[in-house]
Amino acid sequence: MEDIDYLQSTSVVATGYQDADAQENILRPKFLSDFQGQKKIKENLGVFIKAARERGEALDHVFLIGPPGLGKTTLASIVANEMGSEIRMTSAPALDKPKDLAGILTNVTENSVFFIDEIHRLKPALEEMLYIAMEDFEIDWVIGQGPSARTMRIPIPHFTLIGATTKAGMVSSPLQTRFGINCRIEFYNEGELGQIIKRSASLINVPIDDEAVGLLAKCSRGTPRIANRLLRRFRDFAEVIADGTITADVVHRSIKNLGIDLNGLEDQDRNILRTIIEFYGGGPVGADTLSISVGEAIESLEDFYEPYLIQKGYLKRTPRGRMVTAKAYELLGLQDRMEAQMRANGSSYLTGFGGAGQDAQGTLFD
Ligand SMILES: Nc1ncnc2c1ncn2[C@@H]1O[C@H](COP(=O)(O)OP(=O)(O)OP(=O)(O)O)[C@@H](O)[C@H]1O
Ligand SMILES: [Mg+2]
């Protein structure tokens with residue numbers, strides 16, 4: 001076997017976790033029938049799209065919520081394809097002034113799709129403009145300056161707004177209620193990821209056996225983007241250390257080099273849990289403090305690491321901050337500390353476990 005130690009500590013799963021890479025588009029499903037999992041969302045969207053098409057109307061506005069890499073952008077382009085309409089894509093941070101948004105809204109075509117990513121970052125003045133556009137298909141435009149300024153209402157074509165966010169709790173309720181269709185995208189199970197992996201493997205022409213598909217699905221953090229990224233890395237390993245086929249042996253050797261375990265946890269996940277235990281007595285600790293302690297940007301801590309650690313039952317968000325669970329102590333082999341910390345924290349620690357104030361929606365308390 002070749003020396004591949006240099007790959008130690010390379011984070012494949014987290015690096016640029018929210019950035020679509022160039023090869024992502026090749027693997028992006030184009031129609032609902034290629035989109036795996038999310039059964040209810042698919043069924044409902046299929047019905048709403050069919051009905052809108054038959055009426056010759058624009059689809060109602062769609063709100064997509066879910067952690068990075070689960071298919072929000074993909075679904076937006078699928079909606080446009082299924083509607084047989086155009087799509088314009090932008091992201092809220094790219095819209096700076098009302099004229100940026102007005103420029104797009106006055107140019108959308110009838111029944112087309114306008115996709116705004118990271119919609120929780122929209123500026124208030126733009127949000128107000130969007131309310132009217134979504135509801136009345138008009139925009140208010142101020143002409144002139146000073147005392148002679150007047151507002152004109154300009155009609156715009158009927159369009160479908162698709163807003164996507166990883167942080168539903170940060171979207172104002174007036175905006176949220178203007179979406180007629182709400183889709184909360186969940187992590188994928190191993191069977192669904194297996195289907196995605198097989199489809200991607202055939203698209204990029206890499207042989208992979210069934211056992212390897214199962215293992216890859218297990219360590220993909222319930223996330224298609226990570227499954228696809230790992231698939232490409234495993235292909236590299238398979239070509240260099242084996243005969244080109246991704247087998248279970250290739251997967252085992254690759255994940256060891258990539259610092260990932262079969263639960264999809266990587267070094268930084270374990271570091272986060274260990275830091276809470278070693279520096280903060282198991283928690284609670286605020287997200288800001290934790291992000292500094294582990295040297296991770298708050299966005300990637302909140303959007304990428306925490307949702308999966310919470311879903312796997314290693315971490316809890318409580319009104320007082322983040323706390324580890326008994327499962328985290330077990331993972332790190334620190335059970336003896338758990339008892340000591342529980343005793344030291346007394347009842348406050350115990351009530352922190354799944355307490356009434358636990359934040360199921362991912363709204364942030366600190
Ligand atoms: N249900 C699915 N079936 C098959 N492939 C999928 C599915 N969902 C996502 N993918 C794949 O995962 C990749 C990432 O998905 P996408 O870019 O849509 O995620 P996202 O939710 O928009 O992420 P972000 O929040 O980072 O913008 C896509 O290129 C696509 O190949
Ligand atoms: Mg996206």
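1. Let's start with secondary structure: the protein has 15 helices and nine strands. Helices here are DSSP runs of H or I with at least four residues, strands are runs of E with at least two, and both are numbered from the N terminus. Keep in mind that this is a predicted model, where local features need pLDDT of at least 70, side-chain atom pairs count only at pLDDT 80 or more, and totals for chains, interfaces and linings use all residues. Residues are numbered from 1 along each chain as its sequence is written, while chains are lettered from A and ligands numbered from 1 in the order in which they are written.

2. How far can you trust it? The pLDDT, the predictor's confidence in each residue from 0 to 100, averages 89 over the protein, and 88% of the residues score at least 70. Over residues 1-10 the pLDDT is below 50, and the stretch 347-366 is also below 50.

3. Now for burial. Of the 366 residues, 35% count as buried, meaning that 20 or more other C-beta atoms (placed from the backbone) lie within 10 Å of the residue's own.

4. The largest nonpolar core has 35 residues. Such a core is a set of buried Ala, Val, Leu, Ile, Met, Phe, Trp, Tyr and Cys residues joined through C-beta atoms within 7 Å. Helix α3 gives the most to this core, with five residues. Ile162 is one of those with the most contacts inside the core. Leaving aside neighbours within four places in sequence, Ile162 touches Val62, Leu64, Ala76, Val79, Val113 and Phe115; a contact means C-beta atoms, placed from the backbone, within 7 Å.

5. Apart from that core lies another, of 27 residues, including Phe187, Ile208, Val213 and Leu230. Val213 is also one of the buried residues of helix α8 (residues 210-218), along with Ala212, Leu215, Leu216 and Ala217. Among what covers them are α7 (190-203), α9 and α10 (248-258).

6. Finally, the ligand. Around ligand 1 there are 24 residues, and the closest are Gly71, Lys72, Thr73, Thr74 and Pro224; to count as near, a residue's C-beta atom, placed from the backbone, must lie within 6 Å. Helices α1 (24-27), α3 (72-83) and α9 (224-241) each give two or more residues to this shell. Why does ligand 1 lie between domain 1 (5-9 + 189-258) and domain 2 (38-184)? Because both domains give residues to its shell; the domain bounds come from an automatic or database assignment.

Conventions. Buried ≥ 20, exposed ≤ 12 C-beta atoms within 10 Å, placed from the backbone. Contact = placed C-beta atoms within 7 Å.
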